[in-house]
Each structure stands twice: as C-alpha cells, then as structure tokens.
Amino acid sequence: MLKLSTLDKHSLAYKSGLRSGDEIVEFNGEKALDMLDVAYYDSQSEFNVAVMREGQRLEFAIKKDEWDSMGWDFCEQCYIEPRWCANKCIFCFVDQLPKGQRKTLYVKDDDWRLSFATGNYVTLTNVSEREIQRMLDKKFSPMYISVHATDDEMRRLLLGNPKAQPIMPLLKRLTDAGIVLHTQVVMVPGYNDGEVLKKTVEDLYSLYPMVETLAIVPVGLTGHRENLPCLPTVDSKVANETIDFVEHFAEGVFAKHGKHFVFCSDEMYVYANRELPDFDYYDDFEQIENGVGLIADLRYQFNLALEDSAKAKKEGFTIVTGVSASPYIGQLLDIARKQFDGVNVNVLTVVNKFFGSSVTVAGLLTGGDIAEAVNGFGQCNEVLLLPSVMLRETEDVFLDGMSLDELKKQTGKKIQIVSDGYELCRAILEK
C-alpha cells in the first residue's frame, strides 16, 4: 500500500490533483510495488499515476522538470522494511557490537532498494533474477555496491557466503543497462589487499565510467569480537603500500579521463601517518559518506568561512571529536588563532570505550563516552561543538541511545551541532 499522508497545498503532488489519503495503485499502467517506485517516478519528467480515492479509481498525468520533487509524503507503514542480509561477513560491524543495546542497532540490512533510494551499500547476494530484471528495466541509478573482491573465491570467504554469485558478470549486466555504480572495498590485510586488491581495482576499472568510483576502506575492528575470526588490523606498512598503489593507479586514470576513480578513505591516511590529498583530488566527492575526503572538505569549508570572518566570538568553545580527526581540527584552530586574537577554543579528543579504542572516527562515538570525557576534562569550555555525524540522521540520539538533551543534563553544557567545516568556523568566529 502506498497511501499519501499530509500534502502541502503548494506541492506538485497537490497541484497535480493528488490528495491526502489517496492510495497509489499504478505508475504508467504497472502495479505500484513499493517506495522504490515512488523514488523512481519522482525523478521522471513525465508519468501517469493511478490512485484509489474513496473507492473510486482516478488517473493523473504528471509533467514536471525531472529535478523537481512531487513533494509527497506517505504513511509510515508504506516505507521499505530493510531486507535482512544473507551474508556472514568476517568483518561485519554489527557482529562486533556490545550486547544489550537497542534492537535497531543489530539490524543487518542488505537491501538493493535502499541502495538506490538512500545510498546504502549492498552486496547483491540476496536478489532474485526477477529483481535484477526490475533494476535493468527501470534503470535504477546510481547504486552503491560492496564488492570487497572480484576474485569470487575470496569474495565468498569475506562474505561468509559460499552461495554468493560471481560479481563481475552481474556488475556488467547493470552497467550495460546504463546503471551507474559506486563501489567499495573493505580491506582486510592478508585477505583482499595486495594482489587481490590490484585485481579488484583493475576489474572494476574495466567497467569505467559506469563504475564511476571505488573507495578502499580499512577494516574496522571493535573490542567486541568474541567468537569471531581473528583478523589483523591495518598497520602503517599495509596502509602506505595500499595508498602508494591506489594513488599511482588514480594518477593514470586522471591522465586519461580527468577523474581519479579510486580513492583511499581518510582513515587509511591516518593509519599511514601520511598527509591527506587536497580538496581538488576528490573530484565530486561521491564517496564522502564512505569517509573519503572528509578532512579535505572540512579544511576547505573552514577556510571558506575564515575568509569572511572578522573576529572571535566571546564565548569559550570545546570541540568534541574522535582520535582520527583531532589533529586536523587542531591545525584549523592554529590557523584561526594566527589571524584573530581571543580565539577561545580547545579540542576534546574522546577515546571510544563503547566499541574499543581501535575505533577512532567521530561518527561512532557514543553519548556515554562523550559525557564521561567532558566531565573529566578540566579545561572544558561552556559550549560544546559536536559534529552532526555523531547523531542518528533523523533523531537527536547517539548510537548508545542517549539523547542530546540527556547529554546536556549530564554535562551541564550548552551544545551546538555543526555539520561541516563552514559551520564549525561560523560557530567560533563572527563575520
């Protein structure tokens, strides 16, 4: 059921004749299946939609600019329930969570529909031929694919799924149909690094430009791996070797096409103790949600706001972040202090006790760890600046279930959320 909820009278949906309570039954004469159809047709410039209204079937012809949204909202029960993952990945992050947390944290979704609708990475190991044909017919694009290795035996080992079908023929079917793919490799030393990684990069590049980007992300290991395979961490040597190969390959692609195609995540550079590339290196930042180019974007946005700044704000601020980003934020503050007097800002680096100290990104810090660190930090200023990645996308809640209001109560501090480097600079400096 695709039942419309509240519609704004200024929305395209309302202006086209649709009303709250209408149940969409068909698009272009075909049965409306789920919210994926809604997302697909919302991106089209012309389509027909049939609805049931008080027992009467009505049809509407929609004409709009393809970039204009219909502005329709649907009842909560209409939204896609994520499909459960069919794999048992040796590096699965969900399997590494501490016990006793809220149930939603343990959901292992691997739903190709959400790959198109929201950019989730999926393995495509649980799709039927009928669903593949739907992808091809509708040209759902772009999609985000976790490849990990194009060597099928290694991929099955990594996925813990002996039934996983060969990935390259499937990717070729999708790209031949005009579907753009963004891909990723979670790299595990001794498994899919070295020669296996080189083959994976070369194989995926053979489908360029339809396989538009590839991110190489180091495996994340928490302190909760009881009864799980013993995996090595990415050390400085492996990280440097990987970056050397990836950057060399990317330079060759850039010389031919003006884009780099393959990138290492920021974490890889942190492990290598190596300077990150500049802003221009990351092309259109298609892989930023994968941690690729986050620091470069942070620097760029901060410096952009810095150019329009006039003086430091009177309040004192403490920027709360993880181990990985801390030194880079410190560098930005040094730049600000050189230009303006009275910059009263310090950095609180929070060690992740919830997942384990090996997890160093800010986006995986919990409210409990932050509260403990703030209360134990003698130099904490009156306003805490927290990056938005610490909170759930639709709620002011941390991974451990603590709310933003609860963190305020436990710390006694004012809290300001910033989403990028520009907002960070604007928080501490005035125009």
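This is a predicted model: local features need pLDDT of at least 70, side-chain atom pairs count only at pLDDT 80 or more; totals for chains, interfaces and linings use all residues.
Which backbone oxygen does the side chain of Thr 222 reach at 2.7 Å? The oxygen belongs to Gln 96.

Thr 222 sits in the loop that links strand E8 (211-218) to helix H8 (236-257). Its relative accessibility is 7%. Because buried means under 20% relative accessible area, Thr 222 counts as buried.

The side chain of Thr 222 takes part in two listed polar contacts. One is the 2.7 Å approach to the backbone oxygen of Gln 96. In the other, a polar atom of the Thr 222 side chain lies 3.0 Å from the backbone nitrogen of His 224. Leaving aside residues up to four places away in sequence, Thr 222 touches Phe 93, Gln 96, Phe 355, Ser 358 and Val 359.

Strand E8 belongs to an open sheet of four strands, in the order E6-E7-E8-E9, and the pairing is parallel. Strand E6 (143-146) and strand E9 (262-264) form the edges; each has a single partner strand, so one side of each is left without a neighbour in the sheet. From one strand to the next, the twist averages 20°.

Strand E7 (residues 181-187) runs parallel to E8 and is joined to it by seven bridges. Across this pair, Gln 184 stands opposite Ala 215 in E8. Helix H8 lies across E7, E8 and E9, and runs at about 155° to E9.

## H7 against H8

Helix H7 (residues 194-205) packs with H8 at an angle of about 20°, and the two axes are 11 Å apart. H7 is therefore roughly parallel to H8. The crossing of H7 past H8 is right-handed.

On the H7 side, the residues that meet H8 are Leu 197, Lys 198, Val 201, Glu 202 and Tyr 205. Their counterparts in H8 are Thr 242, Phe 245, Phe 249, Val 253, Lys 256 and His 257.

## The E12-E11-E13-E14 sheet

Another open sheet of four strands has the order E12-E11-E13-E14, again with parallel pairing. Strand E12 (345-349) and strand E14 (414-418) are the edge strands, and each pairs on one side only. Ignoring direction, neighbouring strands of this sheet are turned by 30° against each other on average.

Strand E13 (residues 383-387) and E14 run parallel and are joined by five bridges. Within this pairing, Leu 386 has Ile 417 in E14 as its bridge partner. Helix H13 (residues 404-411) packs on the sheet, where it touches E13 and E14, and its direction makes about 140° with that of E14. Helix H14 (residues 421-428) lies across strand E11 (317-321), E12, E13 and E14, running at about 145° to E14.

Phe 27 stands opposite Glu 30 in E3. The hairpin of E2 and E3 has two residues between the strands, and in this hairpin Asn 28 takes a positive phi near 50°.

## Helix H2

Seven of the eight residues of helix H2 (residues 35-42) are buried, so H2 is largely enclosed by the rest of the structure. The buried residues are Met 35, Leu 36, Asp 37, Val 38, Tyr 40, Tyr 41 and Asp 42. At the start of H2, a side-chain oxygen of Asp 34 comes to within 2.9 Å of the backbone nitrogen of Leu 36.

## An exposed loop residue

Lys 103 has its place in the loop between strand E5 (56-63) and H3. Its relative accessibility is 76%, and Lys 103 counts as exposed. Between Lys 103 and Gln 77 there are 19 Å in space, C-alpha to C-alpha, and the two residues are 26 residues apart in sequence.

Technical notes
Residues are numbered from 1 along each chain as its sequence is written. Side-chain values use heavy atoms; hydrogens and water are left out. Two strands pair if DSSP finds at least two bridges between them. Axes are lines fitted to C-alpha atoms, for helices over the stretch in contact, and angles run from 0 to 180 degrees between N-to-C directions. Contact means heavy atoms within 4.5 Å. Buried means under 20% relative accessible area, exposed over 50%, partly exposed in between (1.4 Å probe, protein chains only). A polar contact is a pair of N or O atoms within 3.5 Å; within protein, one must be able to donate a hydrogen and the other to accept it, and residues adjacent in sequence count only if both atoms are side-chain atoms. Angles under 35 degrees count as roughly parallel, over 145 as roughly antiparallel, 65 to 115 as roughly perpendicular and the rest as oblique. A crossing is left-handed if the near helix is turned anticlockwise from the far one by less than a right angle, and right-handed if clockwise.
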